[in-house]
Each structure stands twice: as structure tokens, then as C-alpha cells.
Amino acid sequence: MMELNEYLHTHFPGLCLRPSIYHQWETGIHIELGEGMYQFSDSFQLNLAMFDRVYRQVLSTFHSLFSEQDDILLVTNVYHRAGDEKKKIRATKVYDRYLKNRDVRFQLRRETLPFVFDEEEGDRFYTSRFYLKCKKRDIHSLLLLKAICNEDFSLHPKLGGQYGSYYPDVFFINTITNVIFFIYDDRGCEVIAKEKEAIMQLNKN
């Protein structure tokens with residue numbers, strides 16, 4: 001299996017796989033989710049209609065970017081406080097709950113990296129990165145996408161953040177079309193590509 005760092009160096013040189021990939025790469029699209037709608041109603045209840053719309057948007061985008069034949073690198077960044085290195089670091093719920101094909105978990109890789117955000121915080125935090133190669137059919141796509149969007153709210157499904165100091169970031173990489181898809185929360189998502197032709201269909205949606 002191609003190592004993640006080798007793949008990124010070859011196809012996305014200089015990219016740091018962290019939130020705001022759209023601002024790091026020339027060819028990309030930012031998609032606002034639930035545009036014109038709000039998370040809460042006038043009575044301060046969760047606006048479930050907005051979340052339903054967000055779920056439909058991210059699922060439609062996911063299906064536009066990933067075919068059944070494409071190879072996917074499912075990547076998760078988990079952020080930890082320094083000093084936790086001696087603790088047993090478990091993979092996130094991404095790989096426990098949201099894979100249909102449990103056999104692919106044997107391909108799960110992990111690497112320890114410096115903190116991918118503020119370098120000045122590098123002595124206080126570090127990054128555990130998990131990744132595996134799979135197909136779209138191996139993933140409970142809708143459930144996983146919903147869990148990512150539910151980050152800040154008391155909704156289920158949920159990823160949870162007990163294995164790190166922050167909620168994990170999940171990236172979907174299409175290694176055939178060379179596209180990276182990242183949902184930062186219910187407000188929006190980012191898509192970058194090596195070639196603009198790979199994401200032209202998103203401009204038509």
C-alpha cells in the first residue's frame with residue numbers, strides 16, 4: 001500500500017493535511033452547507049430541517065467525488081496533549097463504528113506527528129494520524145458523514161473526542177482522481193484536487 005506521506009508528497013507537495021486545505025491549494029472549492037438556514041429555531045430548539053439539508057449536501061458531494069471503483073484513503077487526525085505518549089492510543093470511532101467491511105481494518109496505519117496547527121504549541125500537543133485504504137462500499141458513508149457534521153451538537157451519530165484533546169478531523173482522499181474532501185463541521189466543507197477537471201462537476205451542482 002502506498003504510504004500516505006509518499007502519496008501527498010507526489011500529488012499534493014507542500015500540503016499540510018489539516019483544516020483549511022482549501023486555503024493551501026490553488027485548485028479547490030469551498031462549499032457552504034445549509035446556506036441561509038440556522039442551527040437553532042426561534043424557540044432555541046435544534047433546527048433539524050437544516051441538519052437534514054446539510055446531510056443531503058455532504059452525501060451528494062461525497063457521491064460526486066467517489067465512485068464505487070475508486071480507491072480511498074480514509075485519514076483521521078487525532079490531537080493529543082504532550083505527555084500522553086505512554087498511554088495506549090486507540091483508533092477513533094471512525095474505524096470502530098463506520099466501516100462495513102471490518103477486514104480492511106487490518107490495513108490501518110498510525111503515525112505520530114508534530115502538532116499540525118500552531119508550531120508554538122508543539123511542545124504541548126502532538127498529532128496521531130490514522131489511515132487506511134478502502135473502497136466506498138467499505139464505509140457506512142451516511143452515518144460517518146452525519147457524525148462529522150454533528151460535531152458541536154447533541155445529535156447522533158457522533159464521533160466523540162475521548163481519544164484526543166480535540167474532536168478528530170476526517171479526510172477522504174480519492175487516490176485515483178487525486179481529490180481530497182474535508183468537512184470541517186455543519187457549516188461547510190472543502191474540496192481540493194490535483195487537476196481542476198476532477199471537481200468541475202461540483203460547480204454544476
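1. Let's begin with Tyr79, which is buried at a relative accessible area of 1%. Keep in mind throughout that this is a predicted model. The ring of Tyr79 makes an edge-to-face pair with that of Phe115, with 6.1 Å from centre to centre and 90° between the planes. The two come from distant parts of the chain, 36 residues apart: Tyr79 sits in strand E2, and Phe115 in the loop between E3 and strand E4 (125-134). Phe115 has a relative accessibility of 10%, under the 20% limit, so Phe115 counts as buried as well.

2. A second ring pair is worth a look. Tyr95 and Phe130 have ring centres 6.4 Å apart and planes at 50°, so this pair is tilted. Here too distant parts of the chain are linked, since Tyr95 belongs to helix H3 and Phe130 to strand E4, 35 residues apart. Both Tyr95 and Phe130 are buried. The aromatic pairs come to 15 by count, and one aromatic cluster is formed by Phe40, Phe51, Tyr55 and Phe153.

3. Now for the sheet. In what order do the seven strands of the open sheet run? The order is E1-E7-E6-E5-E2-E4-E3, with antiparallel pairing. E1 and E3 are the edge strands, each pairing on one side only. On average, neighbouring strands are turned by 20° against each other, direction ignored.

4. Two helices pack on this sheet. H2 touches E1, E2, E5, E6 and E7, and its direction makes about 170° with that of E6. H4 touches E2, E5 and E6, with its direction at about 50° to that of E6.

5. Is strand E7 (residues 188-193) enclosed or open? Six of its six residues are buried, so E7 is largely enclosed by the rest of the structure. In a regular strand, side chains alternate between the two faces of the sheet. Both faces of E7 are covered, with Gly188, Glu190 and Ile192 buried on one side and Cys189, Val191 and Ala193 buried on the other.

6. E1 and E7 run antiparallel and are joined by five bridges; Gly28 has Ile192 as its bridge partner in E7, and Ile29 stands opposite Val191. E6 pairs with E7 in the antiparallel sense over six bridges, and Phe182 has Glu190 as its bridge partner. A hairpin through two residues joins E6 to E7.

7. Next, the interior. In soluble globular proteins, nonpolar side chains tend to be buried together. The largest nonpolar core here has 42 residues, of which Leu74, Leu144, Leu159, Phe172, Phe181 and Ile183 touch the most other members. Helix H2 (residues 48-65) supplies the largest share of this core, seven residues. Apart from this core lies another, of 16 residues, including Leu4, Tyr7, Val75 and Ile192.

8. Not counting residues up to four places away in sequence, Leu159 touches Lys93, Val94, Tyr98, Leu144, Ala147, Ile148, Tyr167, Pro168 and Val170. In helix H4 (residues 141-149), the buried residues are Ser141, Leu144, Leu145, Ala147, Ile148 and Cys149. Their cover includes H2, strand E2 (72-81), H3, strand E5 (169-174) and strand E6 (179-185).

9. The peptide bond from His156 to Pro157 is cis, with omega near 10°, and Pro157 lies in the loop between H4 and E5. Ser20, although not a glycine, has a positive phi of about 75°. Ser20 is in the loop between helix H1 (4-11) and strand E1 (28-32), and counts as partly exposed at 35% relative accessibility.

10. Phe44 is found in the loop between E1 and H2. Is Phe44 buried or exposed? Its relative accessible area is 69%, over the 50% limit, so Phe44 is exposed.

11. Gln107 is partly exposed, with a relative accessible area of 33%. Gln107 and Leu132 are 25 residues apart in sequence, while their C-alpha atoms are 5.7 Å apart in space.

Definitions and conventions:
Residues numbered from 1 in each chain as written. Predicted model: local features only at pLDDT ≥ 70, side-chain atom pairs only at ≥ 80, totals over all residues. Heavy atoms only, no water. Buried < 20%, exposed > 50% of the residue type's maximum accessible area, 1.4 Å probe, protein only. Core = buried A, V, L, I, M, F, W, Y, C linked by side-chain atoms within 4.5 Å. Helix = DSSP H or I, 4+ residues; strand = E, 2+ residues; numbered from the N terminus. Contact = heavy atoms within 4.5 Å. Pairing = 2+ DSSP bridges. Axes fitted to C-alpha atoms, helices over the stretch in contact; angles between N-to-C directions. Phe/Tyr/Trp six-rings, centres within 6.5 Å; stacked < 30°, edge-to-face > 60°.
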